[in-house]
Amino acid sequence: MEAKTRSKVLNWLDERLQVRVALSFLARKAVPMHRHSIWYYFGGMALFLFSVQVVTGILLLLYYAPTAEAAFESVQFIVTEVRFGWLIRSIHSWAANLMVAMVFVHMLSVLLLKAYRKPREMTWVTGVLLFFLTLGFGFSGSLLPWNTLAFFATKVGTGLVNTVPVVGHHLLVIQRGGEDVTGATLKRFFGLHVAVLPILTLAVLLLHLLLIQFQGMSVPPSVQDQEDRMKKMPFFPNFLLRDALGWLGAFGLVVGLAVFFPRELGVKADPFAPAPAGIRPEWYFLFMFQTLKLAPSHILFLEGEMVVFLLFGLCGLGLILVPFLDARSRRGERSPLFTALSILMILYIVTMTLVGHLVKPA
Amino acid sequence: MNRLIMSVLILLCSAGSTLGEKKDTCVDCHQTLNKSHAATVKGMEQDVHARYGLSCADCHGGDPTDEDMMVSMDPRRGYLGVPTGEQIPEFCGRCHADAAYIRRFKPRQRVDQLELYWTSVHGQRHRKGDRKVAQCVSCHGVHGILPGSDPRSPVYPANIPRTCARCHSDAGLMAGYGIPTNQFDKYQGSVHGRALLERGVRGAPACHDCHGNHGAAPPGVRSVSNICGQCHPANRELLGQSPHEKPFEEMGLAGCKTCHRHHDIQHPTDSLLGTEKGSVCISCHKSGSGGYRAAVDMRGAIEGLKAKRDAAERLIVRAEQAGMEMSQAKFDLNEVGNFLTRARTSVHAFSPPKTEEVVKQGEALADTTIQKGEHALAELQARRRGFAGFLVILLAAGVGLFLKIKDVDRREGV
C-alpha cells in the first residue's frame, strides 16, 4: 500500500517535473573514497551553516530595526524579551563564525589538493567568490547591533578604502552613505546583509553546486593514479547521511556555544564618544588588520596602508586566478611552487591572526 | 657701485623697521643696565599687560620717547617712579578699579579687587601700616604677571594653595599673628587637596574658594555652612532645617566643620554616622539620648540599603559573567546607588524618618533589581537544563543516523 502511494506520488511529480531524471542522477552519483576524502565534507558543512544563518536571520528580521536610533534597542529587546530570542541571536552569531571557519577550511583544502585544476576552474572561481561573499556577510553583519566595538571597527574597516588612489574617497562615501559612519551606513549595511549579499550568494552558490554535480568530486593528484581501482561511495544515501551526522554535531556545537557563551551585546554606539582602546575586527579579518598595523607609514613614496590594501586586493585577484596561473597542475603535473605558496599563505594567515589576537592593544 | 646699492638698501630696511615701531627708551636703556634691571625688561615679554599693549610708562609714568634719561624720568613728564609697598594697592587700583579704563581691554574683567582688598584681613592690616601682609604683587608677582588662567601663574587655581602657603606656612612670618601655619599641610592631605593637587580636578576648592581672594578673611562661625553650601547645596539646605542648626549657633559651633573639620576634611564615610568608634555623633550625644538613637537608626537604615545594593550587585555580576544580558538591571542598580547617595545626604537633616523614607524607595528598587538578578540566574539554569534535554535528543538522532549509515553501508557493500 505504502509502495503504491509512493509510486503514485512519484509518477505525479515525474509527469510534471521529471523528478526521475534527478533521482536517477542521484542514484548514480558516487564519491571517491581515499585518504583525503574527509575534506569532501567541509563544503557541505559550510552549506549547512549557511542554511542555519538564513533561518535564524529571517527570525531576527522579525524584530530587528535597522536605524541608528533603534537598532541596538531592538537587539536588546530580542535577547531579553523575545522568547528564545537570545538563542536565535547567539546561534546566528556563532554559526556565522563557524561558517567562515568552514569556508576557510574548505577553500584551503581545495587549494592544497589542487581540486581547482582543469576542468574545475569555474567551480574554484565561484568558490572563491562565495568566500568573498561570506566575508562580506561577516563585515556587514557585525555593524548591525550598532554597539561601540562594531561601530569603531566599521569606521576603521570602511576607512581603508580611502587609501585607494583616485576613487578611494568616492568608495568610502558609497560605503558609508556619507563621510562618516552614521545611520545611513547602518541602512546600507543592512540592505547589503539581508538583500544584496543573499541574492548574489544564492546565484553563485547555485552555479557552484551545479558545477560540482556535473563534474563530480575531484580526486587529488597524489591518489589520481589509483582512481580506476578506487572504491566509491554512493552519494545518496551513504555520503549524505554522513554529511547529516556532521551537521547534527555542528548544530549541537552551535547551540552549546549559544547557551554557555551567549554573544555579548556590548554598549550602544556613541558616534561622538572617543574610540575605546582595543578596537579589533572579527577574527577572520585580524590577519589583514595586523598587517596594516605592522606596515610602515610609507613604503617608497607611497602610503603604507595603501600599499598593503592594494597588495591584499592583488592577492584576492591572484586567488581567483589560481587555476589559470598554475599551468603545471592544468597539465596534470606536480606543482610544488603552488603548494609552497599555499602553505606560506596559510602560515601567514594563522601567524598574523594569532599575533593579532595575542598582542595586547595599546 | 654694487657696494653702494647694497649700503643704501640696508639703510632703507633698518630705517623702515625703526620707523614702524613705537619708540620705548625704557626698554632700550634698561636692557643695557645691570642684571636686575634687564630682568625687569625680560619679564615684561610675557606679562599680561604687555600683551594688551601696555608698557613701562603706563604704570610708572614718564616719557618713553625721549632718549635722555633725565627727561624721560622727569616727574614733570609724569614719572611716578617705583611704588613703595604701601603704595602698591592704590598703584594697581588706578587702572584695576577704573571700570571705564578696564573695559577698553577686557570688558568682563572685575574692577572691585581694590575695594575687596580693603575689606580683607590683609587690606585692613595694610591700612594700619603692617607691611608684612600680602598686597597685589605678593600673589600676582611683578613684571611678568600672568593671567590667572595660565597654569604658570601663582594665582592659577591649582597653584593657589602653594602661593598662600608661601606666607601662611612660614612660622617666622606668622609668629606675630597668633595663627597656625599647618593649613597647607592639612589641606594637602584633605579630600579637596588631593583632588586638586594630586588628581588635577580643577573644580576642587582651593584656599580662595572658602576664604575669598582679594577679600580674603577667615569665615565667621555662622558663615561656614554657607561657604560649604556653595558646592554642597543640598547638605546645606538640610542642615539649615535640622535640629542641629539652632544649638550649633547657640554653642558657637561652625556648622559643617563641627563634624567634618575644615583644612584637613576627609572623604566622608558611613563610619562618621552612628555610635561606633570613629563616629562623630557620640562626641556630643550620650547613650540613651534622642540624638544617640537617631544616629543608630539612620546608620542602620543606610547599612540596610547598602546590604541590599551589594546583594543585587553580586547577583547581576554573576548573571552577566554567565553571559546574560543585564543592562537594564545594571541601570537600576546604578539608580539604587543614587538612592544611597541621597540617603547619605539626607542624614544632614538629622531626622531618621527622612532618611528612612529615601532608604525605603532605594530598597524597593534594590528588591526589584535582586529579582531581576535571580530571574536571570534561574533563566540561565533553565537554559542549561533545556540544553541537556536538547543534547539527549541530538545524541539519540546521532545514534540513529550512525546506525542507519552502518545499515546502508552494509547494503551497498561500502
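The structure is a predicted model, and its overall scores are ipTM 0.87 and pTM 0.72.

**Confidence in chain B**
- Chain B has a mean pLDDT of 91, with 95% of its residues at 70 or more.
- Where pLDDT is low, predicted coordinates should not be read in detail.

**Annotated span of chain A**
- An unreviewed UniProt entry lists residues 9-221 of chain A as "domain: Cytochrome b/b6 N-terminal region profile".
- In the model, this span of residues 9-221 of chain A is 73% helix and 1% strand, and its end C-alpha atoms lie 44 Å apart.

**Packing of α3 and α10 in chain A**
- Helix α3 (residues 41-61) of chain A packs with helix α10 (residues 235-260) of chain A at an angle of about 50°, the two axes being 10 Å apart.
- Because of this angle, α3(A) counts as oblique to α10(A), and the crossing of the two helices is right-handed.
- On the α3(A) side the contact involves A:Y41, A:G44, A:M45, A:F48 and A:L49, which meet A:F239, A:R242, A:D243, A:G246, A:W247, A:A250, A:F251 and A:V254 of α10(A).
- By residue class, the contact of α3(A) with α10(A) comprises nine nonpolar, two polar and two charged residues.

Technical notes:
Residues numbered from 1 in each chain as written. Chains lettered and ligands numbered in written order. Predicted model: local features only at pLDDT ≥ 70, side-chain atom pairs only at ≥ 80, totals over all residues. Heavy atoms only, no water. Axes fitted to C-alpha atoms, helices over the stretch in contact; angles between N-to-C directions. Helix = DSSP H or I, 4+ residues; strand = E, 2+ residues; numbered from the N terminus. Parallel < 35°, antiparallel > 145°, perpendicular 65-115°, else oblique. Left-handed = near helix turned anticlockwise from the far one by under 90°. Contact = heavy atoms within 4.5 Å. Nonpolar A, V, L, I, M, F, W, Y, C, P; charged D, E, K, R; others polar. UniProt positions renumbered as here; feature names shortened; annotations may be inferred. pLDDT = per-residue confidence, 0-100.
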